[in-house]
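Dear colleague,

Please read them with the model open beside you.

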Amino acid sequence: MNLLSVSGLSKQYGTKTLFNKINFGINYGDKVALVAKNGSGKTTLFKILKGLEIADEGEVVFRKNISVAFLDQNFTLSEDQTIQQLIDNADNPFVKCIKKYDEAIRLSETNPNDASAQLMDDALTQMNELNAWEYETEIKEVLSRLELNDLTQVINTLSGGQKKRVALALVLINKPDLVIMDEPTNHLDIDMIEWLEHYLQSSSLSLLLVTHDRYFLDEVCNSIIELERGELVEYRGDFEYYLTKKAEREMMKNAEIDKAKNLYRRELEWVRKMPKARTTKSKSRVDAFYDVEEKAKQKRTEKKIELSVKMERLGSKIVELHKISKHFGDKKLINPFTYTFINGEKIGVVGKNGAGKSTLLKIILNELEVDSGKVQTGDTVVFGYYSQGGIQLNNDKRILEVVKDIAEFIPLANGTSLSASALLTRFNFPPEVQHSFVSKLSGGEKRRLYLLTVLVKNPNFLILDEPTNDLDIVTLQTLEEFLDEFKGCVLIVSHDRYFMDRLVDHVFAFEGDGEIKDYPGTYSDYREWQQEQKLIGKKNSANLSVVEGNGIAERSRSEKEDTEQKPQTVSVDSPKKLSFKLQHELKELENELPALEEKKKKLEIELASGITDYAQIQKLNTELIALTTNLDEKTQRWLEIQEM
């Protein structure tokens with residue numbers, strides 16, 4: 001069943017064509033991701049679907065009698081209403097049905113007659129047809145998962161992230177047939193993102209979304225449509241399939257353009273020499289020539305953005321945190337925490353919203369004082385800070401002026417330098433748009449320009465707070481490659497699991513109440529470890545309940561024996577004996593664990609001894625990370641066998 005049909009849709013602003021006669025549709029059950037570079041026309045397409053803009057040509061048709069919900073990046077809410085009022089005033093059949101039912105109850109109690117009885121029968125029938133009895137429970141589930149527990153809060157008192165969660169909640173509780181979403185995971189922590197993944201997977205709603213979160217895309221969507229250079233191409237598969245097929249398609253297209261250019265040169269010579277008297281055969285050849293000319297003048301696939309700015313030299317002393325702590329009132333954000341940063345390491349910072357991640361970044365940047373402890377920063381450290389809120393770019397300035405205000409020429413890693421204009425071109429701001437005003441840029445393009453202003457200052461310690469928000473996938477892939485080769489320190493706060501797994505060596509995990517755990521391994525490794533700990537906690541809790549229950553039973557038996565003065569035989573199950581294989585594995589682990597602990601201790605002492613050889617430090621740090629991971633795995637296995 002087709003829910004949305006888009007056919008022959010075109011839109012142009014001045015000389016810029018956003019899309020040209022594109023066609024696509026959404027069927028019942030489809031979950032489709034829209035992928036496009038910033039500034040390609042995603043937001044304009046969404047506005048046309050919503051009816052806020054008019055296309056130059058083509059049509060958008062929604063199936064009759066279906067409900068459609070939109071979640072925009074730049075959404076608006078009634079600022080003077082509470083969350084509860086927004087829910088009560090929601091325009092959906094469930095709310096209307098419940099209101100009708102409540103009114104029927106009121107009338108049947110105050111004025112019982114045949115009319116009110118009929119009204120009650122109608123209301124009950126509608127409640128049953130819509131299964132509205134479960135609606136309140138579902139609302140509570142959605143609000144609880146999005147941590148919107150105080151429904152009396154007025155919208156204008158909420159933070160930007162809380163407002164985004166309210167907007168998302170309003171979309172989900174309306175239970176639409178088709179949802180159109182723009183970056184739904186922005187401002188959500190990992191638990192919320194994983195819950196939203198599961199909710200969208202299991203629900204019957206159909207979906208069209210824009211997202212930069214590639215794990216989310218893979219988990220939720222069953223196809224990808226890409227808007228590029230005004231054309232729309234569909235890929236039926238996951239993100240890996242999309243990348244493979246896109247590369248194949250671009251290779252074939254470039255080969256066709258090269259072939260057309262060769263043919264165009266030969267045919268151009270013939271056309272110039274062709275006699276004026278044209279035969280039918282020569283006329284058809286001329287017509288074919290114009291087709292070849294059009295194909296030959298197509299642009300080849302654009303090169304990736306190149307990030308290769310020069311990094312200032314980083315000395316042996318970088319940043320040292322000595323027992324730092326930070327509280328805000330009664331809330332503990334950082335309990336005494338100690339860490340010495342090592343050149344070349346890439347650390348992810350994870351935790352719930354409000355746990356203290358941004359506070360730690362500001363302390364390292366010396367923008368915030370600690371309550372106790374000390375922060376020591378090396379003389380050669382040059383910070384590059386990409387903040388979650390971005391910077392306030394002057395909308396009245398031209399794009400080129402923004403970069404020139406920092407430097408006219410920018411040194412590159414290979415020893416050469418680039419002009420501000422050439423660097424902008426590398427960042428997908430071609431010369432024809434560089435003299436445009438910042439106000440003309442899309443939200444994602446502004447974020448890309450902001451990233452450029454951070455990198456051109458040649459930092460050697462990058463601190464990135466949610467760098468993936470609003471960046472297109474092409475820019476993200478290039479940023480990942482740049483950070484992978486970056487020789488300085490990198491500290492990343494992000495809820496983008498793909499981005500984190502691609503880059504980080506270990507994780508600072510904010511686990512609540514000011515506790516920060518330094519976990520070796522990727523973000524996914526840490527999440528798996530978290531899940532294992534939860535399972536162990538549940539098992540231990542269950543075992544404790546059994547032990548306590550047995551204890552009560554034993555006391556009860558004992559009291560009964562004392563009363564009756566009769567000996568009774570109590571049957572106790574003997575503990576299960578480990579198999580020979582498990583006994584052997586347990587014995588080996590008990591021999592290995594102390595040796596691994598000792599080796600780890602020696603490596604830590606050697607790293608803290610003050611060595612200055614960078615290669616040696618890197619080698620020792622790599623060994624320590626691998627050893628710690630191995631030790632954690634073996635300790636976990638030892639605990640599992642002990643439980644058996």
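The lining of the largest cavity in this predicted model comprises, by class, seven polar, three charged and two nonpolar residues. Those residues are Thr 185, His 187, Leu 188, Ile 193, His 212, Asp 213, Glu 466, Thr 468, Asn 469, Ser 494, His 495 and Asp 496, and the space they surround amounts to about 60 Å³. In total, two cavities of 30 Å³ or more were counted.

The second largest cavity holds about 40 Å³ of space, and its lining divides by class into six nonpolar and two charged residues, with no polar ones. Tyr 135, Glu 138, Ile 139, Val 142, Leu 172, Ile 173, Lys 175 and Tyr 199 make up that lining. Two helices, α5 (135-145) and α6 (160-173), each contribute at least two residues to the lining of the second largest cavity, and α5 gives the most, with four.

Glu 480 belongs to helix α16, which spans residues 473-485, and Glu 480 counts as buried because its relative accessible area is 2%, where the cut-off for buried is under 20%. Leaving aside residues up to four places away in sequence, Glu 480 touches Arg 214, Tyr 498, Phe 499, Arg 502 and Leu 503.

With best regards

Conventions. Residues numbered from 1 in each chain as written. Predicted model: local features only at pLDDT ≥ 70, side-chain atom pairs only at ≥ 80, totals over all residues. Heavy atoms only, no water. Buried < 20%, exposed > 50% of the residue type's maximum accessible area, 1.4 Å probe, protein only. Contact = heavy atoms within 4.5 Å. 1 Å grid on protein atoms, 1.4 Å probe; cavity = no way out; pocket = protein on both sides within 12 Å on 5 of 7 lines; lining within 4 Å. Points joined across faces, edges and corners; volume = space filled by probe spheres on them. Nonpolar A, V, L, I, M, F, W, Y, C, P; charged D, E, K, R; others polar.
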